[in-house]
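The following exercises ask for a close reading of a structure, one element at a time.

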There are 2 protein chains.
Amino acid sequence: MPATIRDVARASGVHISTVSRAFSAPHLVNPETRSRVLACAERLGYRPNRAARALITGRTHNVGLIVADIANPFFPPLIKAAESQARHRDYHVFVADTNEDPAAEEELVHALAKQVDGVLLCSPRMSNSLIEQLSREVPLVLINRQVAGLPAVMMDNGQGARSAIDHLLALGHRDLALLGGPRGSWTNREIRRSAVAAARAGGADLTVLGPNPPTESGGSALAEQVHRCGATAVLAYNDLMAIGLIEGLDALGIRVPQDVSVVGIDDIALSRLTRPKLTTVATPAAAAGRTAVDMLLQRDATTRAGRGAGRGGPGDDRRTTAQVMLQTELVIRDSTGPGPAVESHRAAAGGPDRQRTTPTANAVVAP
Amino acid sequence: MPATIRDVARASGVHISTVSRAFSAPHLVNPETRSRVLACAERLGYRPNRAARALITGRTHNVGLIVADIANPFFPPLIKAAESQARHRDYHVFVADTNEDPAAEEELVHALAKQVDGVLLCSPRMSNSLIEQLSREVPLVLINRQVAGLPAVMMDNGQGARSAIDHLLALGHRDLALLGGPRGSWTNREIRRSAVAAARAGGADLTVLGPNPPTESGGSALAEQVHRCGATAVLAYNDLMAIGLIEGLDALGIRVPQDVSVVGIDDIALSRLTRPKLTTVATPAAAAGRTAVDMLLQRDATTRAGRGAGRGGPGDDRRTTAQVMLQTELVIRDSTGPGPAVESHRAAAGGPDRQRTTPTANAVVAP
DNA sequence: CTGAAAGCGCTAACAA
DNA sequence: TTGTTAGCGCTTTCAG
């Protein structure tokens, strides 16, 4: 039986409220009394029960973090950053994994709701309306998802996709493919929209393949299709898929980057370890984790509703609901190379030949 | 303001205790009443506050899981397995990361203690005595660590190291090196002990390098030393170090497996993605996560102390404190090859590249 | 089967 | 500065 506040009170000959104050409002108690209380507490191995404390203060000093898949190397740096940021502020992070299952997201938010002061929802796949509804149950901060009225920190994957496509274009590629990510992913839509726009602006064809599971096997399964569609350069939804694709192409005897160039997104640690080293769009995952925690905790601090506060109707003070956009950056490594040789012709001729209203399907004839 | 049990009671015209029973003891309430209550609850969006419930029942329906480093690919499969196993039993898993800092372990156990029904301590680096002390504060199940009297699930890394060394010996290597892991790691001691014994039994030299950080950079930093010590085959504390070592050797112009053979431990997903594919000792991480949760929950079920129970003195019923040993298995891939003198034997000895033994036969060490 | 009452461990007015 | 008194939201005797 762990010691309770009452045991400490008895042992130090004071009232329990004094013990309580000794811990949570030290300045309100006589230094001598305080040290005596602390000594007794120490001796008895007493530690305040945070759950009981939360019941009355309404503050658990915990935050929840829901991610789709801990095993996806994109998340751990984000998780670690969130944890360390939270710990600096004396908060703990409870990490939960949905296994890429949208239904699990809702369930987890409910389960966490009463045990945390807020939830960081990372790349949620739920509908906007469900997210809004959940946000009335517990403060939410979104990561990589935008919903009107809710705080969010996003990584500029649109910009990332654009620079990746531009890079490929600059290398002379004109037949591009995009490996789409999972259905319901906001990030995926951003990437697709930007990639399509950038390809069109560059006068290139872009075949969109997907949706697909955002995993290595999801990527390798697409090797055939990529080959068949005649693309000489591919942008993948994430590094895992890019790496999988390279594997798959390798199995087909297609070399990267000699035959096909591949670009990923995320810059996970792994992308430096595979051969060829992956060209990819670096995504500020750690910064996102830190920022999200900051936003949640700041919001949390301003949200305190005193005991027995009103019904908290729709007139609520939804103060600074910031939406932060973090920059991404193309990292060029070894998985991208020059496009087919004939391209030099065209490059010399017109440069970025903008505005092809009729995308001439695979007009380029290989030698 | 989320609805409380009182709101539901008022709305459905019953006493709060009836609402309570409708949720936690359905058979004790009239089906009609129950469905009316449930309907009201549904309408009000009421969900029982688990924290408040925990305060009185003493059961939070949460378990904690403390790992050294979420970013180490060894852990995610274990975490996911633990989560899914827990969820089947209506428990949640709170994952925390110590950042390889032993001091953080203690702090986290304390912080979690009151919010969970038990803690899974994964490869803890603390002293035995501290672990024992903490186990009096909250039920503990150890993973990859053995402390007398405490339930534990271990992976037989000793056996794994032995089979790795034997494999190397069989390939004709006589100058071996072991890349040691972090200080304080029980697993590391097991590996070293077995590797040393196996090498000696085979009449080979084994140089132990370490302790080292169990990371990729920890491994690559050792390339020089490995080279200098003249080893032709190396066993690393884990796959990450093995992969790092291969990188480092590559930078030195040393080829794997032609010049040096390398074996890892863990069989993380990454080990199939690097070139050469890593020969490694597969470790049943997922099974360990599942088993640990089972042990904790089973123990938890038997531990219920009724309200106002006695002081729970030293006469406690420490029932089935099992220590389970999970088997490991050598997976031969491409990072190991014949030793210096026996090139010609290869074809003769070769054969298909694997020797997956029987799946996890678990030995139970009695309490 | 349902209600009344007594708390779980703690904090937060309000007095003293 | 300290003690008293109410609870937080819920479960659990014990009556009825």
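**Exercise 1.** State in which sense strand β4 (residues 140-143) and strand β5 of chain B pair, and over how many bridges. Then describe the surroundings of β5(B).

*Solution.* Step 1: β4(B) and β5(B) pair in the parallel sense over two bridges; strands are DSSP runs of E of at least two residues, and helices are runs of H or I of at least four, numbered from the N terminus. Two strands count as paired if DSSP finds at least two bridges between them.

Step 1: β5(B) also pairs in the parallel sense with strand β11 (residues 323-326) of chain B, over four bridges.

Step 2: B:Val153 of β5(B) stands opposite B:Ile143 and opposite B:Val324 in β11(B).

Step 3: From β5(B) (residues 152-155), B:Ala152 and B:Met154 point one way and B:Val153 and B:Met155 the other way, and all are buried. Buried means under 20% relative accessible area, exposed means over 50%, and partly exposed lies in between (1.4 Å probe, protein chains only).

The model is predicted: local features need pLDDT of at least 70 and side-chain atom pairs count only at pLDDT 80 or more, whereas totals for chains, interfaces and linings use all residues. Residues are numbered from 1 along each chain as its sequence is written, chains are lettered from A and ligands numbered from 1 in the order in which they are written, and side-chain values use heavy atoms, with hydrogens and water left out.

**Exercise 2.** Which residues of helix α3 of chain A are buried, and where do they lie around the axis?

*Solution.* Step 1: Check the length. The 14 residues of α3(A) (residues 31-44) should span 20 Å at 1.5 Å a residue, and the end C-alpha atoms are 20 Å apart, which agrees. The expected span is 1.5 Å times one less than the number of residues.

Step 1: The buried residues of α3(A) are A:Thr33, A:Val37, A:Cys40 and A:Ala41. They cover an arc of only 100° around the axis, so they are on the same side of α3(A); the arc is that of the directions from the helix axis to the C-beta atoms. An α-helix has 3.6 residues a turn, so residues three or four places apart point the same way.

Step 2: The buried residues of α3(A) pack against α1 (5-12) and α2 (16-24) of chain A, contact meaning heavy atoms within 4.5 Å. On the other side of α3(A), A:Pro31, A:Glu32, A:Glu42 and A:Arg43 are exposed.

Step 3: Examine what follows the helix. After α3(A) comes A:Gly45, with a positive phi near 70°.

**Exercise 3.** Is B:Asn144 buried or exposed? Compare its setting with that of B:Asp90.

*Solution.* Step 1: Most residues other than glycine have a negative phi, and most peptide bonds are trans.

Step 1: B:Asn144, in the loop between β4 and β5 of chain B, has a positive phi near 60°. With a relative accessible area of 5%, B:Asn144 is buried.

Step 2: B:Asp90 lies in the loop between α5 (75-88) and β2 of chain B, and its phi is also positive, near 60°. At 47% relative accessibility, B:Asp90 counts as partly exposed.
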